[in-house]
Amino acid sequence: HPLQFLRESLTKAGVITARRLAETKHGKQVKVAGWVLVRQRPGQGKMLFYTLEDETGIANLMMLPRVFEANRKAGLSPAPIVAHGKVERDGDVIHVKVTKMQLASEITNQPDPEISTPSRDFH
């Protein structure tokens with residue numbers, strides 16, 4: 001997984017893996033990183049949901065629209081992001097309630113990967 005190449009820098013910055021998130025207690029402040037697989041804003045849009053992937057699995061994020069707007073650049077980036085927030089557990093379901101998002105490059109001091117793949121449109 002491409003994120004493994006950033007893991008050492010991320011770990012030094014206090015970013016945990018998706019696997020460690022599963023072992024983290026309710027209410028603890030954490031930082032998780034990964035590529036966004038899914039962005040959702042269902043229904044009335046009172047909450048946004050993201051699914052991040054790192055080299056160990058996935059992390060589910062949720063955030064208020066105002067948090068998204070304050071972090072829009074990272075929230076819409078095709079590059080890996082770091083989400084800061086609090087762990088919320090309900091049985092086996094784990095989310096990070098996000099208070100801040102940033103590009104991983106801001107923490108690792110490594111440039112964002114070049115993403116210049118042209119679209120493949122089929123008609």
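Guide: Here is a tour of the labels, taken one at a time.

Guide: Two notes before we start. This is a predicted model, where local features need pLDDT of at least 70, side-chain atom pairs count only at pLDDT 80 or more, and totals for chains, interfaces and linings use all residues. Residues are numbered from 1 along each chain as its sequence is written, and side-chain values use heavy atoms, with hydrogens and water left out.

Visitor: How do you know what counts as a helix or a strand?

Guide: Both are DSSP runs, numbered from the N terminus: a helix is H or I with at least four residues, a strand is E with at least two. By that rule the protein has five helices and five strands. Along the sequence they follow the pattern α-α-β-β-β-α-α-β-β-α.

Visitor: What makes E3 and E5 a pair?

Guide: Two strands pair if DSSP finds at least two bridges between them. Strand E3 (residues 57-63) and strand E5 (residues 93-103) have two bridges, in the parallel sense, so they meet the rule. Look for Leu61, which stands opposite Val96 in E5.

Visitor: And what joins E1 to E4?

Guide: Six bridges join strand E1 (residues 29-40) to strand E4 (residues 81-90), and these two run antiparallel. Val30 stands opposite Gly85 in E4. E1 also runs antiparallel to E2, with five bridges between them. There, Val38 has Thr51 in E2 as its bridge partner.

Visitor: In what order do the strands close into a barrel?

Guide: The order is E1-E2-E3-E5-E4, and the pairing is mixed. From one strand to the next the twist averages 55°; such angles are taken between N-to-C directions, from 0 to 180 degrees, using axes that are lines fitted to C-alpha atoms.

Visitor: Why is Thr51 called buried?

Guide: Buried means under 20% relative accessible area, exposed means over 50%, and partly exposed is in between (1.4 Å probe, protein chains only). Thr51 has a relative accessible area of 16%, so it is buried. Its bridge partner Val38 has 33% relative accessibility, so Val38 counts as partly exposed. For the protein, buried residues make up 41% of the 123 residues.

Visitor: Which residues is Thr51 in contact with?

Guide: Contact means heavy atoms within 4.5 Å. Leaving aside neighbours within four places in sequence, Thr51 is in contact with Trp35, Val36, Leu37, Val38, Ile58, Ala59 and Asn60. Pro65, in helix H3 (residues 65-70), touches Arg41, Gly45, Lys46, Met47 and Leu48, again not counting residues up to four places away. Pro65 and Lys46 are 19 residues apart in sequence, and their C-alpha atoms are 6.8 Å apart in space.

Visitor: How do you know that Arg7 and Asp54 form a salt bridge?

Guide: The rule asks for a side-chain nitrogen of Lys or Arg within 4 Å of a carboxyl oxygen of Asp or Glu. The closest N and O atoms of Arg7 and Asp54 are 3.5 Å apart, so the pair passes.

Visitor: What makes Arg7, Asp54 and Glu55 a network?

Guide: Arg7 also meets Glu55 in a salt bridge, at 2.7 Å from N to O. Glu55 sits in the loop between E2 and E3, so this pair ties helix H1 to a part 48 residues away in sequence. Salt bridges therefore link Arg7, Asp54 and Glu55 in a network. Glu55 has a relative accessible area of 26%, so it is partly exposed, while Arg7, at 11%, is buried.

Visitor: Where do Lys12 and Glu8 sit relative to each other?

Guide: They are four residues apart in helix H1, separated by about one helical turn. Lys12 and Glu8 are both exposed. The count comes to four salt bridges.
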